[in-house]
Amino acid sequence: MSLTRQQSPIDQAIGQFDTLLRTLVPKAAQPYRANPMNKHEQPDLDEAERKHAAGLMRINHTGEVCAQALYQGQAMTAKLEEVRDQMTLAAQEEIDHLAWCDQRLQELDSRTSLLNPVFYALSFGIGAAAGKAGDKYSLGFVAATEDQVCHHLEEHFESLPAQDERSRAILRQMHEDEAHHADWALQAGGVEFPRPVKKMMTLMSKVMTKSVYRI
């Protein structure tokens with residue numbers, strides 16, 4: 001059964017607002033799956049290690065805010081029904097990532113980024129524009145974005161304090177999910193973006209990571 005076929009414009013607007021609140025309000029997102037960090041003991045971190053781990057998890061949380069907004073924007077403008085449905089399902093998995101990162105930030109006695117509303121609005125607009133351009137470009141954008149996310153996760157995996165297996169467990173599951181999303185997007189007909197476009201996306205992601213690490 002389609003997830004979007006029976007929805008009226010008002011239903012869709014309510015759903016979008018609900019997603020916005022769950023994405024931007026701390027502790028509001030409820031995961032569908034158990035947090036993988038629960039399988040590991042709380043590490044003994046000094047102040048510098050705790051702040052560094054929090055900065056990295058804040059970046060990852062904002063990345064999930066952007067992903068949630070991108071998927072919502074793309075689902076709103078996607079042409080093919082099956083693409084809209086898959087975007088909605090992918091967004092549900094991203095809710096898990098969002099909630100897990102939020103929970104870890106709370107444990108680290110830290111907070112989510114104050115810039116999240118700005119990045120949500122920008123990402124939603126980009127996602128909606130990509131969907132308008134056509135499903136093959138929208139799907140290609142998903143694949144390119146998820147590749148960027150996987151690259152960041154791999155860097156953070158190495159940069160985290162050696163004993164912080166709780167944060168690392170979250171990143172490990174996130175990487176598996178994001179790689180799956182990228183593969184799905186290409187198999188569903190997404191175009192492979194050219195290198196110059198991917199380089200521009202990398203530069204834009206660096207702006208986000210540098211600003212969110214502390215703010």
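Tutor: Ala67 is buried, with a relative accessible area of 9%; buried means under 20% relative accessible area, exposed over 50%, and partly exposed in between, with a 1.4 Å probe and protein chains only. This is a predicted model, in which local features need pLDDT of at least 70 and side-chain atom pairs count only at pLDDT 80 or more, while totals for chains, interfaces and linings use all residues. Residues are numbered from 1 along each chain as its sequence is written, and side-chain values use heavy atoms, with hydrogens and water left out.

Ala67 lies in helix H2, residues 47-77. Helices are DSSP runs of H or I with at least four residues, strands are runs of E with at least two, and both are numbered from the N terminus. Between Ala67 and Glu94 there are 7.0 Å from C-alpha to C-alpha, although the two are 27 residues apart in sequence.

The largest one has 16 residues, of which Met57, Leu108, Ile170, Leu171 and Met174 touch the most other members. H2, H3, helix H5 (135-159) and helix H6 (165-187) each supply at least two of its residues, and the largest share, 4 residues, comes from H2. In soluble globular proteins, nonpolar side chains tend to be buried together.

For the chain as a whole, the secondary structure comes to 7 helices and 0 strands. Buried residues make up 49% of its 215 residues. Of the contacts with a separation of 6 or more, 87% join residues 24 or more positions apart.

For contrast, take an exposed residue. Asp109 has a relative accessibility of 65% and counts as exposed. Asp109 sits in the loop between helix H3 (81-107) and helix H4 (116-133). Its phi is positive, about 60 degrees, although Asp109 is not a glycine. Most residues other than glycine have a negative phi.

Key:
Contact means heavy atoms within 4.5 Å. A nonpolar core is a set of buried Ala, Val, Leu, Ile, Met, Phe, Trp, Tyr and Cys residues joined through side-chain atoms within 4.5 Å.
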